[in-house]
Amino acid sequence: MENISSKYIYPGAINRGMKFSIFLVALYAGTGLFAQEATILDNFTANEYNGKIFLRWVIASGSTCEGTKIFRSTDNLSFTQIGEISGVCGSSSFARPYDFIDESPVNNLKNHYRLDLGNNGYSKVVSLEITDLQNGGYQVRPNPVTSQAKIYFKNKNYENHQLKLFSQSGSFVSNSYTNDDNFDFDASNLQAGIYIFTISKTGKPTELKGKIVVHH
């Protein structure tokens, strides 16, 4: 997962012009005013475990905020609050980590998360998708297939797996390999019909068996 660092300016006034003016006064006029220290958000990440999404972030030493709200979206446009950590966040003397668990993320869609750090504004967005493998241990999206599809399966350790494709009568059609948790399936050169596939670790017995419907 890609780490994301974001920098937020603690608002000292109502609008940008006023904040900039106050900063200049603090810097040059020597009136005793001071600019609020920038809030640094480090290592905002999202990871999946057992169908839940674990969010983790770190507020750098010397940075504080008043409360943190956690928001989620499935379109990266409209966000809904799903949690809140109240009270002062961060510390003036040490970097402070925070965790939040989304117990019920939306399956088969990308979940986008952002933080509202009170007066320090919003974080950047981190995103993660959880694929519901259902009872068969796999999922084909879309199914029926017209041209391109993906076959998802569980491969937590990213081991090399083989996909074998057969016609409904049992004739071998093709095979492919991946170290990821999905296979790219190209049906553009296949005749319409029902196909059988098996998934296994390379050189090992079959782990999964399923069907794909090709419809042009």
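Reader: What makes the pair Q139 and R141 a polar contact between side chains?

Author: The side chains of Q139 and R141 are joined at 3.3 Å. A polar contact is a pair of N or O atoms within 3.5 Å; within protein, one must be able to donate a hydrogen and the other to accept it, and residues adjacent in sequence count only if both atoms are side-chain atoms. The model is predicted, so local features need pLDDT of at least 70 and side-chain atom pairs count only at pLDDT 80 or more, while totals for chains, interfaces and linings use all residues. Residues are numbered from 1 along each chain as its sequence is written, and side-chain values use heavy atoms, with hydrogens and water left out.

Reader: Why is Q139 called buried?

Author: Its relative accessible area is 7%, and buried means under 20%, exposed over 50%, and partly exposed in between (1.4 Å probe, protein chains only). Q139 is therefore buried.

Reader: Which residues does Q139 touch, leaving aside those up to four places away in sequence?

Author: They are N108, T131, D132, L133, K150, I151 and Y152, where a contact means heavy atoms within 4.5 Å.

Reader: What share of the protein chain is buried?

Author: Buried residues are 35% of its 216 residues.

Reader: How confident is the predictor on average, and where does pLDDT stay under 50?

Author: On pLDDT, the predictor's confidence in each residue from 0 to 100, the protein chain averages 83, and 82% of the residues score at least 70. Over residues 1-38 pLDDT stays under 50. Where pLDDT is low, the predicted coordinates should not be read in detail.
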